Amino acid sequence: MTRILNIELRRSAALGTALILFVTGVLLLATDRAIFTTGWIQLAMTQRLYLAVLWPLALAAGAWQASREHRSKVAELFASTPRPQAHRVLPTLIAMAVAVLSGYLTMGIAGGLWIIGTAEYLPVAAFAVTAVGVLALIAAVWFGLAIGRLLPWRVTAPALGIAGMGLLLLIPGATRPHGWLALVFSPIYEMNMPGAYAAVPGRASIAQTLWLAALAVTALVLLASSGWRTRMAALLPVALGAALAITVMPHQNRFVNDAIDPVARELTCTEDAPRVCVSRIHSGLLTEVTAPAREGLAVLAKLPNAPTTVHEDTTIYFPDSYPPRRADTVLLDVETGDDAHLADRTDVWMKVVAGAFASPPDCEMSVDPADRIAAAHWLIGSEPAKASEDFEPEDSERAVQLWNDLRRLPADKAKARVVALRQAAVNCTADIGLFSKSTP
Amino acid sequence: MRWLTLYLRSRRVPIALATAGGCTALMWSLWSAFSDDRTVAIPMVVLTLLLMTAALTATLSGPDDALDKTAAFSWLPRRIAHLLAAFLIVTVVLLATRATGARFGPAWLVLRDAAGLLGLTALCAATMGTARAWFLPLGWTLVAIITPLPDRLAGRVLTWQAQAPDNTAAAMTAVLLAFGGLIAYAVAGPARSAPAEAAQH
């Protein structure tokens, strides 16, 4: 058995399949790195998203492998050997399963090497998401083998691959408005663009596991069968698996999209003052954030009642949840860039300074962005950039003008206006701008 | 006429045509059933084209290519005619759907992708053998459909199948592939199969 398996691993389509899955997967990961660099769960979910290509390829690979005997014209010869069909296909089954498993996992390792320096938080869900991905590929390659044996034609393999992708593309539309049904049957559904605090609830993974395992069992029954009666029996596991999976999956749309990992969102802080805190998912970036954030706090120290700590802005929407606002805390957006390190490192201290002039999110009279930029740059002592990714272009332009107006004022008057703006921001009374009548 | 009938039969053209037509009909009815929109989404159009190309791939070689090569006439014009006929069939069938309830288009995209995919398949058949000729078109197209279209020239060339019909870089890539495949296949014919599969059909 081991000897045949070894031969099968070397001489079947297994090696090529693993290689193709790995290369395609890495190419896909490389096209948009910012999606998965945040952390391990994001990497696992992005791998699942790219099953959109890998899953059809596994189907096609299985069907191609199954047509080997037909292509070599030995099907009849092999059928005459006194061994049961199940015996003969077992090594191929194992070899192909090992192939897709190693292809998928090495793709994950390649992505992991990219983020290993900064990704620290490793939730159990990341393993569950990857395991479901592997199971999806094994089910696909076995199903491909089964179909390829039933229909040993040249067009079967490519047609099965195309049908697989067509299926994945059509599932969301066909199940609308019951998004949870798509989540049961499509391993790629709701895996796109995971947020920083993304989570995949265990029940979703369990339901998907049930369905995919049923698909794999069906493929095994089809492969071991020789008559039409047993082939019809193969419908049983599919029906059973689908029913079970539908029962287990919560009947709730956006089940994965709305899930939030509260542990990933908790703050981890520096030991020494002034304190800088980031969420656990970004804990690997803490040292990179700390230095520029403290520079920003040092600039702000000119103000009375200056803020003394910087926290990551852990706001989430649907359902909305805001971090507590305190006058001594500046909230800062932390994002991971393409290179798995802090994005926009040079802008962090400016963002901290501008963050001191931000109002609470539920505030109806929040500070005008142009005022924020102008006040922050007056404190820093440099001209605002004419274009910035964080603000609208017209805000940036107005900010330059406001900044020039501030500079023309005597220093103490300008400072009074900036201090008043900060007060207005904290108290949520910013119906007044930097240069409106009621400011001194 | 006699030669043509025998040729079509040896290349299993009727079954390939039936498969291609059946697949298109299936995609057409799937779209009609699941979508209210009359214009078929671009990924589905590209997948249908890929499916038709895959169905016609098997006709690129006969039961015994080595025997074919010994024929006392020139294969070059016949191979060119074969590819052109395949291109005509794919495009005419898909463009005919524009008069129906589920329209596969736009026309330029259908023409570009049919030419490019058939060319790529012919190129692969001439280099890797007909049995493996679908590997690259399938893998490449699936990736191109999924990845967001990048702005850079390399990105537009690499995802030419899914680019907008008026994209010059994508059109140039398709034309290059089409002519490359046409010339390679017309001159060299399908690649000889590996010895273990010499008896395949």
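Predicted model: local features only at pLDDT ≥ 70, side-chain atom pairs only at ≥ 80, totals over all residues.
The predictor gives the complex an ipTM of 0.92 and a pTM of 0.92. Chains A and B meet through 26 residues of chain A and 26 residues of chain B, and chain A also has an open sheet of 4 strands.

**How confident is the predictor?**

- Chain B has an average pLDDT of 90, and 96% of its residues score at least 70.
- One stretch to treat with care is residues 195-201 of chain B, where pLDDT stays under 50. The model has 11 contacts beyond four places in sequence for that stretch.

**Where the chains meet**

- On each side of the meeting place, 26 residues are in contact with the other chain: 26 from chain A and 26 from chain B.
- Sorted by class, the side of chain A that touches chain B has 16 nonpolar, 6 polar and 4 charged residues.

**The nonpolar cores**

- In soluble globular proteins, nonpolar side chains tend to be buried together.
- Here, the largest nonpolar core has 156 residues, and A139(A) and V141(A) are the ones that touch the most other members.
- Helix α8 (residues 124-150) of chain A supplies the largest share of this core, with 17 residues.
- What does V141(A) touch, leaving aside its neighbours within four places in sequence? Its contacts are A58(A), A61(A), G62(A), M96(A), A97(A) and V100(A).
- Another core, of 41 residues, lies apart from the largest one. Among its members are V276(A), V278(A), L285(A) and A375(A).

**The sheet in chain A**

- Strands of a sheet pair through backbone hydrogen bonds, either parallel or antiparallel.
- This open sheet runs in the order β1-β2-β3-β4 (chain A), and its pairing is mixed.
- At the edges sit β1 (267-269) and β4 (329-332) of chain A, each of which pairs on one side only.
- From one strand to the next, the twist averages 25°.
- β1(A) and β2(A) make a hairpin with 6 residues between them. They pair in the antiparallel sense over 3 bridges, and T268(A) has V278(A) in β2(A) as its bridge partner.
- On to the next pair: β2 (residues 276-279) and β3 (residues 309-312) of chain A run parallel and are joined by 2 bridges. C277(A) has H311(A) in β3(A) as its bridge partner.

**What covers the sheet**

- Helix α15 (residues 286-300) of chain A packs on the sheet and touches β1, β2, β3 and β4 of chain A. Its direction makes about 140° with that of β2(A).
- Helix α16 (residues 348-355) of chain A packs on the sheet too, touching β3 and β4 of chain A. The direction of α16(A) makes about 130° with that of β4(A).
- Is β2(A) covered on one face or both? Both faces are covered: V276(A) and V278(A) are buried on one side, and C277(A) and S279(A) are buried on the other.

How values were computed
Residues numbered from 1 in each chain as written. Chains lettered and ligands numbered in written order. Contact = placed C-beta atoms within 7 Å. Nonpolar A, V, L, I, M, F, W, Y, C, P; charged D, E, K, R; others polar. Core = buried A, V, L, I, M, F, W, Y, C linked by C-beta atoms within 7 Å. Buried ≥ 20, exposed ≤ 12 C-beta atoms within 10 Å, placed from the backbone. Pairing = 2+ DSSP bridges. Axes fitted to C-alpha atoms, helices over the stretch in contact; angles between N-to-C directions. pLDDT = per-residue confidence, 0-100.
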